[in-house]
Amino acid sequence: MISSVLLVGAVYCIKSKSKLYGVVFMKKEKSRSELKRDAVLGAAKKLFLNQGFASTSMDDIARSAEVSKKTVYHHFTNKEELFRTMLSVHWLEIFSEQPSIFNESHSVRSNLRKFATLFFKFLYNINTINLFRVLIAESNQFPDLLGKILIDNKAPFTRSLIAYL
């Protein structure tokens with residue numbers, strides 16, 4: 001008979017009085033605040049893709065995410081920060097599938113192929129293409145936005161390549 005289930009971080013230990021039955025790894029449930037932040041990011045992505053950066057207001061995002069405007073501003077100080085975060089999340093979604101891009105036990109050729117495959121997967125992703133269209137369309141009105149976003153979002157990936165080489 002199971003006597004207890006202990007939660008240790010995101011690990012559940014199932015045990016009886018004398019025996020440990022197993023360890024189950026569970027993803028940590030997101031808090032209500034994290035769920036709202038995710039809803040805001042999802043709504044922002046949809047609206048930015050459909051309406052563009054300039055035509056999307058924080059009110060539109062709050063309404064679409066079904067949260068208050070106060071909640072949007074609690075998580076993001078302004079629309080540019082929200083846009084940057086949304087792009088970063090998009091970037092991470094594509095690259096987070098790989099625990100490590102570069103593996104020292106593999107050949108340089110193998111590692112560079114893996115890098116190129118992931119990079120092209122990112123570039124040819126339909127959301128990436130559409131997000132770049134939004135960035136280019138808005139570049140005349142917001143000339144600094146494109147440069148800042150591209151530098152901020154590609155820097156960690158580029159730094160990992162430079163460090164490897």
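**Figure 1. Overview of the predicted chain.** Seven helices and three strands make up the protein chain. Helices (H or I, at least four residues) and strands (E, at least two) are DSSP runs numbered from the N terminus. The order from the N terminus is β-β-β-α-α-α-α-α-α-α. This is a predicted model: local features need pLDDT of at least 70, side-chain atom pairs count only at pLDDT 80 or more, and totals for chains, interfaces and linings use all residues. Numbering starts from 1 along each chain as its sequence is written, and side-chain values use heavy atoms, with hydrogens and water left out. Of the 165 residues, 30% are buried. Buried means under 20% relative accessible area, exposed over 50%, partly exposed in between (1.4 Å probe, protein chains only). Among contacts (heavy atoms within 4.5 Å) with a separation of 6 or more, 53% join residues 24 or more positions apart. The chain exposes about 11000 Å², with carbon and sulfur atoms supplying 58%. Accessible areas come from the Shrake-Rupley method with a 1.4 Å probe; for residues, only the protein chains shown count as cover.

**Figure 2. Helix α1 and the glycine that follows.** Helix α1 covers residues 32–51, 20 residues in total. From first C-alpha to last it reaches 28 Å, close to the 28 Å expected at 1.5 Å a residue. The expected span is 1.5 Å times one less than the number of residues. Buried residues in α1 are Val40, Leu41, Ala43, Ala44, Lys45, Leu47 and Phe48. Just after α1, glycine 52 has a positive phi of about 90 degrees.

**Figure 3. Histidine 75 in helix α3.** Histidine 75 belongs to helix α3 (residues 69–75). Its relative accessible area is 17%, so histidine 75 is buried. Leaving out residues up to four places away in sequence, histidine 75 touches Ser33, Arg37 and Glu81.

**Figure 4. Leucine 92 in helix α4.** Helix α4 (residues 79–95) holds leucine 92. This leucine 92 is exposed because its relative accessibility is 53%. Phenylalanine 122 lies 30 residues away along the chain from leucine 92, with 9.9 Å between their C-alpha atoms.

**Figure 5. Two residues of helix α5.** Leucine 112 lies in α5 (residues 108–123) and is partly exposed at 32%. Val108, Leu112 and Leu165 form a nonpolar surface patch with about 280 Å² of accessible area together. Patch residues have over 30% relative accessible area and no salt bridge; like charges are joined within 9 Å, nonpolar side chains (Val, Leu, Ile, Met, Phe, Trp, Tyr) within 5 Å. A salt bridge is a side-chain nitrogen of Lys or Arg within 4 Å of a carboxyl oxygen of Asp or Glu. Phenylalanine 115, also in α5, is buried at 14% relative accessibility. Phenylalanine 102 is 13 residues from phenylalanine 115 in sequence and 7.7 Å away, C-alpha to C-alpha.
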